Amino acid sequence: MTVFIIRRLVMLVPTLAGVTLAVFLMLHLTPGDPITLMLGEFASATEVARLRNELGLDRPLLVQYLKYMERTFHGDLGTSIRSQRAVLDEIADRLPWTLQLAFAAMTLAIFVGIPMGVIAATTRNPAIDSVVTVFSLLGLSMPTFWSGLLLILLFSLTLGWFPITESHGLRALVLPAVTLAAPAAAVLARMTRSSVLEVLRQEYIRTARAKGLLERVVVYKHALRNAMIPILTVAGLQFGGLLAGAVIVESVFARPGLGRLTVNAVLSRDFPLAQGVVLVIAAMYVFVNLAVDVLYGLLDPRIRYH
Amino acid sequence: MARWFVVVVVLLLLSTLIPASVMHAQPKPGGELVFAATEEPDTLDPQKTGTAITGLLMRYLGDTLVTKDLKGNYIPHLAKSWTISGDGLTWTFQLRSGVKFHDGTPFNARAVKFTIERALAPETKSPIAGALFGPVASVEAVGDLTVVIKLKEPFSPFLDNLTDPRAMIISPQAVQRLGDQFGRAPVGTGPFKFQEWHSADRIIFVRNPDYQWAPSYAHQGPPFVDRIVVRIMPESAAQVAAFERGELSVLLAVPPTDVRRLQATQKYTFFSFLRKGVGLFMEFNITKEPFSDLRVRRAFNYAVEKKLVLNIALEGLGEVAYGPLPPSIWGYWDGVKDYAPRFDPGEARRLLAEAGWQRGQSGFLEKDGKPFKFVLYIAPIDTWRRSAQVVQAQLKTYGIQMEIQTFEFGTLLSKLRAGEHQAEFMGYTYTSPDIFYLWFHSSNIGKGLNFSHFKDTKLDELIEASRKEMNQTRRLRIYRDIQKYIIDKALWVPLWINHFYIAVQPNVKGAKIHPDGFLALNDVYIQ
């Protein structure tokens, strides 16, 4: 297993190199000019040319890319064009916010979504099954900019429970975490329901029941554990997505985070910042995937690592 | 019993003699003022910024040599007085004494010289401040409190430029100490001092206790509130909810859709002001068919019912625009309303027919077998999109097919500079009529804002004359001629000028709206 982990970590280098190349090309080949956006509409042509030269944006693409890679390997992600701050500082400022929100939302999604899926799969009451189905449909189809605003209107404005402009502390975390958790919980509930249903039809479940085990033990110990592999896969993907930041929820709740940072960097064509953020997000994604792969083995001892 | 009664009556009578101002309007120091900004500043360095929000915040953090009072008159601020030589080339400023920067260093002639020279230095890469000081040839500190500024050529917008918040005087010592990081911890002489900036979250300013040099429209002495908190909130609906919950003291930009509802509650104080610029106009690229034909451009000016566009796109919260300047910018010519074409479908049809456009079998206008079809470029702004749809429907009744294409703003600007468009929607905000130079002078074709690509010697000469003329009456006359000429050439279809609304909580007293479109906070106190 150690060998497996080391090999996966080594694979990180070409993966990230590929990511940087893709981001670099996408940013430079789409229309839009950072200089125009920086200097504003009233800038003169000489100012534009001077700044372009200073930022190295007048050099060939390949030269710009190689320069960028060289600096990246030295741990220098450059300086943001817009804020003039080090890209690493910008990311370090936002990362704790994103981690906090991602962990909160994921925890909520797991503790709501998975039990709901299990209940839906095991209940013989069609009403409960319908409730779960409707919930997951709603959770999935409500856009977060809308559900977020609804939560603000209901819980902050009408009931007055949560502050809107506050950004620190647990109280400020509740509404954004719920907004973000709803679609994730919905997917997990659906996934858990079908996966558990499938496992419950297997022979060994009948054996377990025949042994006279409690239904609770049959479901949670024998069925759920074996149903976890696809659930874990989906949860891992979702968590990776949450770590990339949630631009809409961050905007609605005015929380700092990687999502807003990335979108603003792309919109203002802040090349170094956009490349830096995407690099960090890609690295986190790879680590989450690695963790999921390791968890597979813990859940199912039959899985071997090569 | 009777004695008590007399005492009570006398007290009641006395109380009516006490002026209401003493009883109610006693400003109480303390408290904080919270408002939200949709956009985060790029930097708080007034000379390096390109964002509008920084310009606004600098009003509280810094002072300028000259400023404007609440009626828009130029009044002294950090400069006590100034004289301009007869040729308009030498400007001498007498500075106020006893002014200190937030870092404790004294404000003096050397600081003014340093500020202007830094704004003009190429390495500052100043997007706006550099242009404000544009024609400055040299700045000399003559003694401690006298500054002599020499211009390369007479430049009449200069006085107005000096009132721009981005022309504020900054602390030379702080710039030297902080270097590149000055924009994260700016130091000026304003009523509030910078305290902290949490990225994407909030910016906090605190009262400057030493502030004894307020402009004449405000009380003398430091501001009353302890702190200003600027919360960065990208979502305007969340801002409105936070304001209604009382978490924001001021709602700086009430969304048009919420104006009437919030006004109806009668809870809040509302301020409104007309945008300093034309909010929306259709601009023609005169190098492209079919708008190379003046008759077609004029026909469009008769064809569009602007009032309808204003009512649908802006819920009526604004004014119809007639010319290239709004009434809120000095230099606006009052006669423009009668001079400019009014909605007249008959005249529009006549002009189109005169230009050779006839109804074809398809029902659309045709000329030489080709249908009247063009593409309008717009930016992804809600009010622009709605306006475009109204104009599209109106033009269709004349048999004109207009297609709408949306581009992200930076992309749009580069396409317009390159002249790829036939026509576009644009809007501007500017403080002075010198916008004519940026928008219509032929030197700004291809790199500046001359998106009509109109190259005309007469217009160039008029604009150059307006910049050199120091006599205000003669200058006004030139601006009138420019407005008439632009209408004659029908380079635009001016559409609307929006009203901006600011809502203030009932416990926030003493707020005053400045004609340049911001709240003066010196006199504000929390009740």
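Modeller: First a term: Ala, Val, Leu, Ile, Met, Phe, Trp, Tyr, Cys and Pro count as nonpolar, Asp, Glu, Lys and Arg as charged, and the others, Gly among them, as polar. This is a predicted model, where local features need pLDDT of at least 70, side-chain atom pairs count only at pLDDT 80 or more, and totals for chains, interfaces and linings use all residues. Residues are numbered from 1 along each chain as its sequence is written, chains are lettered from A, and side-chain values use heavy atoms, without hydrogens and water.

Biologist: How many cavities of 30 Å³ or more are there?
Modeller: There are 3. A cavity is a set of points on a 1 Å grid over the protein atoms alone where a 1.4 Å probe fits but cannot get out; lining residues have an atom within 4 Å of a point.

Biologist: What volume has the largest cavity?
Modeller: About 210 Å³. Volume is the space filled by probe spheres set on the points.

Biologist: Which residues lie nearest its centre?
Modeller: B:Arg59, B:Gly62, B:Thr67, B:Tyr217 and B:Phe518, out of 20 lining residues. The lining has 11 nonpolar, 7 polar and 2 charged residues.

Biologist: New topic. Is A:Ser251 buried or exposed?
Modeller: A:Ser251 is buried, because its relative accessible area is 17% and buried means under 20% (1.4 Å probe, protein chains only).

Biologist: What does its side chain reach?
Modeller: The A:Ser251 side chain reaches the backbone oxygen of A:Val247 at 2.8 Å.

Biologist: And which contacts lie beyond four places in sequence?
Modeller: A:Ser251 is in contact with A:Arg260, B:Pro234 and B:Glu235. Contact means heavy atoms within 4.5 Å.

Definitions and conventions: 1 Å grid on protein atoms, 1.4 Å probe; cavity = no way out; pocket = protein on both sides within 12 Å on 5 of 7 lines; lining within 4 Å. Buried < 20%, exposed > 50% of the residue type's maximum accessible area, 1.4 Å probe, protein only. Polar contact = N/O pair within 3.5 Å; in protein donor to acceptor, adjacent residues only side chain to side chain.
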